[in-house]
Structures are given as C-alpha cells and as structure tokens.
Amino acid sequence: MRCLNDRIAIISNIGDNTLSIIDLNTLCEKEKIKIKSFLGPHHIVCDENSKYLYITNAYNSSISKYDLILNTIVDTVFVGSYPCHLELDSKNRKLYVSNEDSNSISVIDLKNMLLQTQIPVGEMPHGIKLSPDNKKIYVANFKTNTLSVINTLTNEKESCIYANMNPYHIALSRDGNYLYIVNANFSNLKKGSISIFNTNNLKAEEKIEIGKTPMDITFGLSENILFVTDIEMNLVHVVDIKAKKIIDNIKVGNMPLSIKIEPSKKYLLVTNIGDDTLSIIDLEKLTVIKKIKVGLEPTSILCLYLFN
C-alpha cells in the first residue's frame with residue numbers, strides 16, 4: 001500500500017469490514033483492504049511514524065493494531081463493549097477508547113499493547129478528545145446528556161457536567177480553551193445545536209442552533225468557521241462562530257457523517273453512510289467536486305502522508 005510521497009485518506013467502512021484507500025492526488029479509490037470479518041471498523045488513528053493504524057472494532061469489542069508495511073493485523077486488545085472513538089497520546093504511548101455499550105473509557109498501554117484500565121463514565125460515551133497538554137480527556141455521553149472530564153495522570157473522572165441534549169462528537173480549539181460539542185437531537189420537534197464550553201471553568205458560553213441532526217464537526221481554515229455534517233438534511237453547514245449562525249450550506253451525499261480537512265488544506269472530505277460514498281469539497285469554492293464510491297457504511301476518515 002505504501003508508495004513514495006503518497007498523500008492518502010483511509011476510510012473505515014463498518015458495513016463490509018474494509019478500509020478504502022483514497023489517493024488524494026488523483027481523487028480515486030486506489031485500494032480496498034479487507035480486514036477480518038465481523039469486526040466492524042468504526043474509527044482509525046495512526047502512530048506518529050505512519051507505520052501502524054489502531055482501529056476500533058465495534059462488533060468485536062476490540063482494538064486492532066494494523067501494520068501499514070506488512071498490510072496485516074499484528075495485534076489485538078479486547079476492550080469494552082462497542083468501542084467507537086479513539087484518541088492517541090503519542091508522547092505517553094497511551095490509547096484512549098470510548099466504549100458505547102459498556103459506558104467506559106479503556107486505556108491501552110501501547111508499549112506492550114495491554115489494557116491498562118477501564119474508567120466508568122456516563123451512558124453511551126461516543127466522541128472523545130485529548131487536551132493539547134495530554135492531561136485531560138473530554139468524553140461526550142450521549143444518553144445521559146453529559147460531558148465527563150478524565151485526568152489522564154490518575155485515570156480518574158474529575159468532573160461531569162450537563163452538556164445539553166444528545167452530545168455526540170467533539171472539537172477542541174487549538175489552544176485547548178474551548179470545546180465545541182455537537183448536540184445531535186434525534187427529534188423532529190427540536191433543532192440540533194453546537195454547545196460551546198470554556199474548558200478552564202467548564203462553563204457553557206454559547207449554544208448555536210443548527211440544522212436538524214448534526215453529527216460531526218471540524219474547524220475551517222480559520223477557527224472562526226465550523227463545518228458540521230447534518231445526517232438528516234444531507235448537508236454540511238458552514239457556521240460562523242462569532243456571528244453565531246449558519247452562513248452557507250453544502251449539499252453532499254446521503255446521510256453525511258464524518259468530516260475532515262486533508263493536510264494540504266485543498267479539500268474537505270465527508271463520508272456518506274446512506275450511499276456509501278466520500279464527497280470531496282473544494283475548500284476555496286465550498287462546492288463538491290467529486291463523489292467517490294467506497295465500502296459499505298463509511299464511518300471515519302484518516303488522512304496521511306506516507307513515505308518509503
């Protein structure tokens with residue numbers, strides 16, 4: 001899979017247990033990797049050397065370590081039930097996993113690929129973020145409408161606050177001072193929203209109503225702009241944080257979920273789980289320039305530069 005100076009995106013396809021490798025130079029799927037059956041790859045992170053992938057296997061309650069040179073799984077660690085999202089602490093060689101059905105965060109020691117501990121949090125934890133100083137993990141607990149804060153030095157929960165209805169995915173400002181939580185209100189009676197919290201005092205500062213069912217979130221080229229997928233409206237909302245409103249909408253595929261800007265900052269990538277595609281958005285024009293067929297139910301996006 002590795003070629004000199006490859007600029008790629010890796011898409012996890014939970015529905016058919018594959019990883020789609022997208023060439024970001026040609027904007028084509030160059031390879032589809034079949035991993036073991038009945039794993040349900042949900043989310044992916046990569047080590048700092050771009051040698052290993054770590055993959056949550058939602059249907060197998062495990063984390064796979066995948067060697068990008070050997071193109072195979074080289075180790076597996078069992079965690080909690082229905083693992084969803086990962087955060088990698090490269091400095092301290094730790095991997096944090098949200099387990100949606102067992103209401104916990106697993107901590108994996110990457111030096112020996114062993115489960116270090118399980119930390120109880122609220123019900124249905126999904127999105128997690130590691131603070132820039134690696135001292136805290138923020139956890140969105142969907143069912144209990146809360147945000148848990150974990151001290152990574154002690155592996156203990158130090159705070160739990162109300163985070164508005166159905167907190168799902170999280171974005172953290174580059175300085176770590178503000179947390180942006182997607183409130184995915186699965187109800188035709190309410191709009192979705194973005195809740196903004198000051199991480200220094202865990203106080204809610206703003207709540208911006210947005211769309212119908214927002215799912216994932218990422219910053220634009222400026223931190224004043226947020227891009228938010230809306231799985232019900234088949235849109236990416238462009239949100240001006242200072243103006244506290246949507247300033248544009250981008251029509252994408254059916255049921256958009258994950259969203260990410262690739263490293264060259266030319267394209268915004270969006271997975272669409274309803275039609276099994278990846279939408280490529282030109283960041284300058286804010287228009288879709290291509291839709292690429294991938295595997296079944298694409299859930300997450302990882303962008304890499306690979307070098308021989």
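Student: How many positive and negative side chains does the protein have, and how far apart do the centres of the two sets lie?

Tutor: Lys and Arg count as positive, Asp and Glu as negative, while His and the chain ends are not counted. Each charge is placed at NZ of Lys, CZ of Arg, CG of Asp or CD of Glu. Here there are 34 positive and 34 negative side chains, with the two centres 1 Å apart. This is a predicted model, where local features need pLDDT of at least 70, side-chain atom pairs need 80 or more, and totals for chains, interfaces and linings use all residues. Residues are numbered from 1 along each chain as its sequence is written, and side-chain values use heavy atoms, leaving out hydrogens and water.

Student: What does the secondary structure come to?

Tutor: Helices (H or I, at least four residues) and strands (E, at least two) are DSSP runs, numbered from the N terminus. This protein has zero helices and 28 strands.

Student: Which residues have the most contacts inside the largest nonpolar core?

Tutor: Such a core joins buried Ala, Val, Leu, Ile, Met, Phe, Trp, Tyr and Cys residues through side-chain atoms within 4.5 Å. Buried means under 20% relative accessible area with a 1.4 Å probe, protein chains only. The largest core holds 15 residues, and Ile10, Leu53 and Leu304 have the most contacts inside it. Elements giving it two or more residues include β1 (6-13) and β28 (298-306).

Student: What is Leu304 in contact with?

Tutor: Contact means heavy atoms within 4.5 Å. Leaving aside neighbours within four places in sequence, the partners of Leu304 include Ile10, Cys46, Leu53 and Leu68.

Student: What share of the protein is buried?

Tutor: Buried residues make up 61% of the 308.

Note on methods. Buried < 20%, exposed > 50% of the residue type's maximum accessible area, 1.4 Å probe, protein only.
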